Amino acid sequence: MATTAETITLVETASSWCSSHGILMGARDRLTKEPLMGKYIFEPAPFSLFPTLFSKSAFALAYQMAKPFNSMVHNVASDKEWLLSAIQVAAQGDSDFTGRLVQLAQEVLAREARNQQPRAQKVVLGILRSDYMLHGSDSIETAIPLQVELNTIASSFGCLSSKVTKMHQNLQHLNDRNDLPDNGAAQGIANGLATALQEYNRQRTLQLTSAATDNTNTTTTDALVVMVVQPGETNSCDQRDLEFLLKEEHGVRLIRRTLEDLAVAATHQGLWDGLELYLTGDDGTDVVAGVVYYRAGYTPNDYPSDVEWAGRAIVEHSAAIKCPDVFYHIVGAKKIQQALAQQGVLRQFCDSNEDEELLSSCFAGLYALGDGDDSQVVEMALANPHGYVLKPQREGGGNNLYDDDLVQALKQMSHAERGAFILMEKICPPSTEGSLVRGGEVVYKGDCVCELGVFGVTLREYGGRTILDKAVGHILRAKSVTTDEGGVAAGYAFLSSPKLV
Ligand code: ADP
Ligand code: MG
């Protein structure tokens, strides 16, 4: 690709800004494509050289929807009966993953029934991210946001996105910065984790004063945050920035553990009738997991054996505040997104008619498959395959089916197999010019589309208090118009920031 001297200088400056400020991802070996994390070799994350044009009103609307979505997720997670019944078809069609999550949720409920009391920890932390693409107009200014999906587990790139905003602000001419809104995602997510740990410690003090047992060990053991991570994670800079922020700004410790580490080393002991989650800290001393924050566990690849599921269960049944617990996790399933979009369902999970109206305004067409008679839905999709996306119960990018693949799959699958999928109207965003940089060079220059995610942070008690409820920041990902999929970690999209028009 012919590149002008001016572009080369700009790429050089932007890449240096990334390196100076930690917009980095773990490099992969050029020959084997294996992550080089063990060697701590990083390279700039894929980014857009310029901020991406985005509708000012859609941006404001997406922020406005974050708190109503926080409430909605909590209300759906609170209605266990509706949730488990709505997910049932998907759990049957996708028994190895969605089915296992539902099984875990049922174990929690069975324990509550057996003990005749609610689970040890009633407070749950949500770090949510609602993703949108623009639709309905060729003009960025007048297009409206439609929700792509609502992430309730491991919503990533908050920290790197906050920095990409600063990079674009830095590279812009001074008087052009007004249209580049600040991005508080990193601080807001760290604040959510710190507030959750504070809540755990508050509850712990109450437990201590009411517990009749000898608590000499408990009183000297620190509670901290445990981040559950994938082995060989390449997005560790985004994650560890939270660890550093927590330590520097909140005086809070965070340790990283895999699901396997938890299965092998975590135990239930101490307060809450012996349900505190004990681990060995990095310095070899005992620690208590007050908050468990999942940045893994969202894909079946994270559970290669029953050992990882055992790690998940130890956490789920403990007194730690989970981010998310298994119910919040299930609310993020595509099947639940589809079920909530059905006529007359959403209102019961919203705090007001206004909230319901607001949230439903961003729902694209969503259709059930494998759930009763779906022949009309299948026909509709086969008649116009380019107008739809076929989506399985998966997260992390690269799983959806489009065009010929969609046709093939719909023709081959049985009714029961279709239950693992939903059908979604294809969102058609207006395109805008962009230059996308990877590995120090512009790898694509041309028409781009983008996806905005807004982070909502919420700390709530089932049947009780709302301790924290905020819209904290955003992520904007740009990709070439020719790419169907969207993940940055998955290699499809590039980090950007919105330039509001
Ligand atoms: P994942 O959990 O894998 O991130 P998504 O629902 O976000 O699943 O889909 C992945 C990507 O596919 C999105 O980032 C977006 O680029 C594209 N996509 C998903 N749904 C639609 C849709 N309805 N219309 C157009 N593109 C879509
Ligand atoms: Mg997504």
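Three strands, β6 (144-151), β14 (388-392) and β15 (421-425), each give at least two residues to the shell around ligand 1. Strands here are DSSP runs of E with at least two residues, helices are runs of H or I with at least four, and both are numbered from the N terminus. This is a predicted model, in which local features need pLDDT of at least 70 and side-chain atom pairs count only at pLDDT 80 or more, while totals for chains, interfaces and linings use all residues. Residues are numbered from 1 along each chain as its sequence is written, chains are lettered from A and ligands numbered from 1 in the order in which they are written, and side-chain values use heavy atoms, with hydrogens and water left out.

## Around the ligand

Let us stay with ligand 1 for a moment. There are 21 residues around it, and K334, K391, G397, E451 and K479 come nearest; a residue is near a molecule if one of its heavy atoms lies within 4 Å of it. The shell divides into 6 nonpolar, 4 polar and 11 charged residues. In this scheme Asp, Glu, Lys and Arg count as charged, Ala, Val, Leu, Ile, Met, Phe, Trp, Tyr, Cys and Pro as nonpolar, and the others, Gly among them, as polar.

The table lists polar contacts, which are pairs of N or O atoms within 3.5 Å.

| Residue (polar side-chain atom) | Distance to an oxygen atom of ligand 1 |
|---|---|
| K391 | 2.8 Å |
| E395 | 2.9 Å |
| E451 | 2.5 Å |

Taken alone, ligand 1 exposes 530 Å², and the protein buries 95% of that. Such accessible areas come from the Shrake-Rupley method with a 1.4 Å probe.

How many of the 21 residues of strand β17 are buried? In β17 (residues 441-461) the count is 16, so the strand is largely enclosed by the rest of the structure. Buried means under 20% relative accessible area, exposed means over 50%, and partly exposed lies in between (1.4 Å probe, protein chains only).

Next come the pairings of β17, where two strands pair if DSSP finds at least two bridges between them. Strand β5 (residues 123-135) runs antiparallel to β17, joined by 10 bridges, and here D131 has G453 as its bridge partner. Strand β16 (residues 432-438) is also antiparallel to β17, over 7 bridges, with L436 partnered by Y444. The hairpin of β16 and β17 has 2 residues between the strands, and G439 takes a positive phi near 60° there. Strand β18 (residues 466-480) pairs with β17 in the antiparallel sense over 13 bridges, and L452 stands opposite L476 in β18. The hairpin of β17 and β18 has 4 residues between the strands, with G463 at a positive phi near 70°.

## Helices and a loop

Helix α16 (residues 403-412) has L406, V407, A409 and L410 as its buried residues. These buried residues pack against α15 (375-383), β14, α17 (415-418) and β15. An α-helix has 3.6 residues a turn, so residues three or four places apart point the same way.

Is H317 buried or exposed? H317 counts as buried because its relative accessibility is 11%. H317 sits in the loop between α11 (306-316) and β12 (321-323). Beyond its neighbours within four places in sequence, H317 is in contact (heavy atoms within 4.5 Å) with L104, E107, V108, R111, H268 and L275.

I8, in helix α1 (residues 5-21), counts as partly exposed because its relative accessibility is 43%.

Conventions: Polar contact = N/O pair within 3.5 Å; in protein donor to acceptor, adjacent residues only side chain to side chain.
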